Amino acid sequence: MKLNKNMISIPITQKIARYASLTPTGQRLSIGVTALLMQTTIDATNKNVDEKTRKHSAIRTAVKQVVSATSGIMFREIGQKLVGQKLVESGKLIVPQYYLDAYKKFTPQALNREYADLIGKTVSQLKDPATIEMVAKKAFAKNVGAVCAITGAIIGIFIMDVPFTNKILNVVMDKFVNKKKPEQPKQ
Amino acid sequence: MAANVLINSLNKLSIFAHKNPSQFLKVTAATSFTIGSLAFIGGLLINNKIPKKEKNFMIAQEGAEGVLNLGVFLVAASAFEKAGRALIQKGIFRPDIIIDGAKLPFNKVQQAVKIYFKRPTLLPDKVFGPLSKAVKATEVLSSLVGTILAFNILVPIFRNKIAVYVDKKKNAKLNIDKGTLFSSALKPAEKMEFNSNDPFASFERKMTPIKTPVSFSGSSGLRI
């Protein structure tokens, strides 16, 4: 494709690359928030059913999204921070050679940028220059955390989602929908 | 022994997450979906309070929703990821590569992108690191955008359409089972008031609208 001055070109900057390195918690949160807004809207504007059904199904969808997102985020956080990252940072897991090799060829500036991304700060806020071992350990910790987060989420499905989703749904539906008008459901 | 297996698998999975983050996202989401659906179906199976017919229907519904979620998610995530990669190759997404404090000019970036997708080992390390990071980031972000669109727009729309279709089919089936389709022919002819202004008014009164949609909403939805 020929390049010309009029072509739109979007730079993938360091900032954008940082959003891509979201942990599973961040991913679940972004999916949960968008789902809450968009799915509820689609259910509330469904032309195929009548008004009462529209309301019922919109509230139902909203409650389901909130419940599953809350449990998903909680178990992911626990897996990420309390299990995965702690295992690595306390030294119980040794950093594999792959990570040390992956960062061996980075220049010092690149190492600083990687480290700043991994701990969520900017390069100017770093106290000491980053070494290969530091960056490798942080990256390893983050990825082990991601694996434990997903494991935690799957365990959480069995602990919280299956037993409680329907119960919470029934409670909310009884309280907000089957009661008469003075208590409007939250808009 | 078990600890060694656990440590080895943690290491391998974390290396996978580092090497190919967009694939990691897809695999983990697909796994948590499938397990979520199976768990809900299991929960329904061991629940003794639901009558059998309704239980079978809910299991079929939950299974169908799980399959729909999984299929739409995988297709959309892969499609958007490929689109993101293609946009980089065409130059619409331009990786910002900073070497020794200076930004690499656009034509050099395009050359590097071409080499990266054909023979990445030829690239010098200073260029390979930031470029590979930018490409992986684009893949993950486009995959995430595809995921969000799949779950929040495509799946609800499909689900609502399927729900109406299944509901119609279910109502038709119930009528045939109860024999109302045939028994109405044997009833004495009802008196139908004729309104000359609107001769079809009496027909309208007999039709009842579909009150409740099929509860695809009886299931639990996304469990990523």
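Read along the sequence, chain B of this predicted model follows the pattern α-α-α-β-β-β-α-α-α-α, with seven helices and three strands. Helices (H or I, at least four residues) and strands (E, at least two) are DSSP runs, numbered from the N terminus. Residues are numbered from 1 along each chain as its sequence is written, and chains are lettered from A in the order in which they are written. Local features need pLDDT of at least 70, side-chain atom pairs count only at pLDDT 80 or more, and totals for chains, interfaces and linings use all residues, while side-chain values use heavy atoms, leaving out hydrogens and water.

The model scores ipTM 0.78 and pTM 0.75. Chain B averages a pLDDT (the predictor's confidence in each residue, from 0 to 100) of 77, and 77% of the residues score at least 70. Within chain B, confidence is highest in α1(B), at 88, and lowest in α6 (residues 180-186), at a mean of 50.

Of the 224 residues in chain B, 41% are buried (under 20% relative accessible area, 1.4 Å probe, protein chains only).

Not counting residues up to four places away in sequence, Y99(A) touches A136(A), A139(A), F140(A) and N143(A), along with S14(B), I15(B) and H18(B) (heavy atoms within 4.5 Å).

How values were computed. Buried means under 20% relative accessible area, exposed over 50%, partly exposed in between (1.4 Å probe, protein chains only).
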